[in-house]
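Hello,

Here is the structure I promised to pass on.

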Amino acid sequence: MSIIVNEAAGTFHLRGKRISYLMTVLKNGQLGQLYFGKRIHHREDFSYLLEYAARPMASCVFEEDKAFSMEHLKQEYAVYGTSDYRSPAAEVLQENGSRVSQFCFRGYRIMKGKPKLEGLPAVYTESLEEAETLIVELEDQVTGLRLELYYTIFEEEGILTRSARFINQGGKPLHLTRAMSLCLDLPDSEYDWIQFSGSWARERYPRARRLEEGIQSVGSMRGHSSHEHNPFVILKRPDAHEFQGEAIGFSLVYSGNFLAQAEVDTRGTVRMLLGIHPDWFDWKLEPGESFQTPEAVIVYTDRGLNALSQSFHRLYQRRLARGYWRDRPRPVLINNWEATYMDFTEEKILRIAEKARELGVELFVLDDGWFGGRNTEHAGLGDWVPNRNKLPGGIRGLSEKIEGLGMKFGLWFEPEMVNRDSDLYREHPDWILRTPDRPSCHGRFQYVLDFSRKEVVDHVYRMMEKILSDARISYIKWDMNRSITECYSAALPPDRQGEVFHRYILGVYDLYERLTSRFPEVLFESCASGGGRFDPGMLYYAPQAWTSDDTDAVERLKIQYGSSYCYPVSSMGSHVSAVPNHQLGRTTPLYTRANVAFFGTFGYELDLGRLSPKEQEEIKAQTAFMKKYRELLQFGTFYRLSSPFERNEAAWMTVSRDRRTAIVGWYRILNRVNASFSRLKLAGLDPDLEYEINGRRFYGDELMYLGLVTSDGSAGEMPEGPGGSCDFDSRLYLLKA
Ligand code: DGJ
């Protein structure tokens, strides 16, 4: 039993194999937080955890009790007023102008498994035994606003999910101006805060600093989760590292505007908030209407950051991603974007595909430029009809020819966008997000369709459905190449404009849901100018995402390393591209480009016909290697071993579930003259098994405790590098028990 309730004391103990989460009803009826961390014994009375003190300047709830101040109590879902001054989890604007509310305990429900969140992505269970859900029911008596707090605890892992649902049971309309998914008050602030930040082409670099008094936060107001900050942060103890110590990961299953915030008060407690960004958020609730927040996922570990990441990987791989491709190794693909950009003909495409097939590639993906008047960035978006000048037989004709070569065919779309120079825009100029009487900014000469409107989503669905059912399409790359500004919908009244950002994302989810249900075997890859929407919300619909537009191997090391703190290898689109690299101008060896891309959903992004015969042989070996080991590479247990943010030598590895096979990726950024000898401590192996590496045998304990010798001369498995004579060198080591 995971959820233990002491009704007399009003206490709830959520208890899995690894964690305990404790809360209680406070004496004013609000919900207090008692503990979150490593699993502890249950006891009937946890009241000793409610610490009170009469403090000067505290505002108090009861005249007869100078010690009861919400300012000094840890809470589950705080509001402004009722004596608390920290950032609240919710704010409700009432008709009389008041923003004070107070949610008091009314009851609770417990269910096995986990309920679905209507219209929103969320993790799920496959059997009722995996998890248990507590729904705490609260109410604001003055407005009649009901609040349901959802907590799902997973039995096996240290995972808890949270969300909130508001139901207006009063007689008057209300405005929710803040509705966070999670509020967690922690008793001390001895943590490092790690955020995952960057920009286009350098997404999700881990950035750590000590928590300080005051507010620290990251977020997005761009309408998508963004390249700048990911909806994922970690609080870790200062002495915790990859293999040891306490850490808590906070992840939001959402793709729109978000805020992740830690507020440290001057008595050293922390309030974590995670949810939809409250700026510009204003959701009107008429009597009888309800609002469901997105879901937040919290993972606790006392075994270091690798363990934290592995819990997220397992959860997001197996209980967030869905459908046909969830557990299947992904096809080796070739994408024509960096090979041709928009300048292609059918003949050119077939030539690229044919060569790729010869070298072992399984799926050809036609990128941007195949539709409407799309020859440059200025035109065509919105017109999802094949450009017959480029493709005389249309998409059906091309897809049949590609299948005739013995490959699968995939296609690029950017469903949410429109160019002014398009039939769609000429017909429906009012279908874009645009503020009345003001100019609209463009991004890449494109405008954002108002996906908060059902008729717009319906129209795009019909166009995409037509192409998908007419041609032989096995894969979709769903791109999104600009952020939202001047957010305003012509279809909503003034007092509902604060809903547009969220309604937009609900429209995106709706289109994804419809397409993935109608075409369940199509593999979807999400993309937003690379990693601008690399978030758990997207993973619910598309099990993989284009990790970054930066395809340089050295840059990708950092991007994939940073992404791996939350996201599984099976979700990271990673391709070998041409040199000099198109984003950076750097030339890296072909084997290093592959050795990095193998740790992802592998593919190519160049014209393979332009490579020398020797390089083409190398590609053949790469595709054969990937096909042989992709199950392990994409679904094995992944360990970060040495950080490219800290060292010249970076490394990671993946281990099979039975621990009999493993692959280590070792990368040296710059060559060094007269370098030190080096050893790399591996992880996750069976200490008592002997592993063969290149004909030599080592026990697991040797490899983990004294390390694998990586000094020059210790050649890797495949493909062969020149062995220590160049920059950007790398090796793969294959371990077999
Ligand atoms: C941005 C994507 O990230 C690229 O891979 C490519 O699809 C272009 N858009 C096409 O416009």
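Around the ligand there are 13 residues, with Asp367, Asp368, Lys477, Asp479 and Asp549 coming nearest (a residue is near if one of its heavy atoms lies within 4 Å). This is a predicted model, where local features need pLDDT of at least 70, side-chain atom pairs count only at pLDDT 80 or more, and totals for chains, interfaces and linings use all residues. Numbering starts from 1 along each chain as its sequence is written, and side-chain values use heavy atoms, leaving out hydrogens and water.

By class, the shell holds six charged residues, three polar and four nonpolar (Ala, Val, Leu, Ile, Met, Phe, Trp, Tyr, Cys and Pro count as nonpolar, Asp, Glu, Lys and Arg as charged, the others, Gly among them, as polar).

Now the polar contacts (pairs of N or O atoms within 3.5 Å). Aspartate 368 has a polar side-chain atom 2.6 Å from a ligand oxygen, and for aspartate 367 the distance to a ligand oxygen is 2.7 Å. Asparagine 481 places a polar side-chain atom 3.4 Å from a ligand nitrogen. The protein covers 98% of the 290 Å² of accessible area that the ligand has on its own (Shrake-Rupley method, 1.4 Å probe).

There is also an open, antiparallel sheet of four strands, in the order β1-β2-β3-β4 (strands are DSSP runs of E, at least two residues, numbered from the N terminus; two pair if DSSP finds at least two bridges between them). β1 (3-6) and β4 (31-38) are at the edges with a single partner strand each, so one side of each has no neighbour in the sheet. β3 (residues 19-25) pairs with β4 over seven bridges, and valine 25 has leucine 31 in β4 as its bridge partner.

Best wishes

How values were computed. A polar contact is a pair of N or O atoms within 3.5 Å; within protein, one must be able to donate a hydrogen and the other to accept it, and residues adjacent in sequence count only if both atoms are side-chain atoms.
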